[in-house]
Structure formats: C-alpha cells, structure tokens
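This report concerns the pairing of charged side chains and the placement of the paired residues.

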Amino acid sequence: MTALDDVARRYEAAALALKFDGQNTDPNADNPRVWATLGLGAVKIAWGYQGDFERCVALLGKHVDRPEGLCASYHRDLFGEVPKRATQAAKPDLPDGWDFDAESVEDALPTPDDEGPTDE
C-alpha cells in the first residue's frame, strides 16, 4: 500500500460520514470540531487533498489564536496522525471544480459534467 492509498483509505469524501454514523452528531452543528471535520468547514478545507492543513489554518485563523495546533488536532482526528511533510505530499491535488460553497463534502466534488467536454 502506498502512502497515497493510506491517505485515501483514511479519508474518502463520500464515506467519511459513515465513520460517525449512529453518533447522533449533526455535521452542521455549532461544535467547531464537528463543523471543521465533517460539516461545512470540511467542505471549505477540503480535507484529504493537497493544502488542506494550510486551508484549515487560514480559515480558522480568522476566529482563533494559534490555529496550527487546532488544525493539527483535527488532522489527527481524520487521518490518525498530525500533518507531516510526507503525509501532505502524498495527498492528491485538489480536483478542478471543487465547490467550496457546497452544502456537503459529497456535493463539493466535481461531477463528470463539471469536468468539461469528453471525447464521446
């Protein structure tokens, strides 16, 4: 298993909600950890893709002091480890057409229609 496979296994956008299934947790609740890891904050951060830690720091830095520690904690919640250069480098590029204003992570992913014309 490559490092990229390991990242993909830990964070699959469509399957992340299943990790918390049955917890009676509303991803859009006022809980900052839930918001940033499962809710609309997760959409804006685009966890699992290149630059996710930096996007988290930029987003949360508007609201908290020392966002690096908080984002490292959230990263550990999602991936099982704090962000390291090797882990960050193994993540795939953010897909073209990612919708940062989507209502869920699944809706943020580009659809085949969003990717432009095909050769068909």
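A salt bridge is taken here as a side-chain nitrogen of Lys or Arg within 4 Å of a carboxyl oxygen of Asp or Glu. The model is predicted, and by this rule it holds four salt bridges. Three of them are described below.

In one of the pairs, the side chains of aspartate 77 and arginine 33 meet with an N to O distance of 2.3 Å. Aspartate 77 belongs to helix H6 (residues 67-79) and arginine 33 to helix H3 (residues 32-37), so that distant parts of the chain, 44 residues apart, are linked. Both ends count as partly exposed: aspartate 77 has a relative accessible area of 35%, and arginine 33 has 32% relative accessibility.

A salt bridge also joins lysine 44 and aspartate 101, at 3.8 Å from N to O. Because lysine 44 lies in helix H4 (residues 40-45) and aspartate 101 in the loop between helix H7 (85-90) and helix H8 (105-108), the pair ties together parts that are 57 residues apart in sequence. Lysine 44 is partly exposed, with a relative accessible area of 32%, whereas aspartate 101 is exposed, at 62%.

Lysine 91 and aspartate 52 form a further salt bridge, at 2.5 Å from N to O. Lysine 91 is in the loop between H7 and H8 and aspartate 52 is in helix H5 (residues 52-60), so this pair connects parts 39 residues apart in sequence. Both lysine 91 and aspartate 52 are buried.

| Salt bridge | N to O distance |
|---|---|
| aspartate 77 and arginine 33 | 2.3 Å |
| lysine 44 and aspartate 101 | 3.8 Å |
| lysine 91 and aspartate 52 | 2.5 Å |

Note on methods
Residues are numbered from 1 along each chain as its sequence is written. This is a predicted model: local features need pLDDT of at least 70, side-chain atom pairs count only at pLDDT 80 or more; totals for chains, interfaces and linings use all residues. Side-chain values use heavy atoms; hydrogens and water are left out. Helices (H or I, at least four residues) and strands (E, at least two) are DSSP runs, numbered from the N terminus. Buried means under 20% relative accessible area, exposed over 50%, partly exposed in between (1.4 Å probe, protein chains only).
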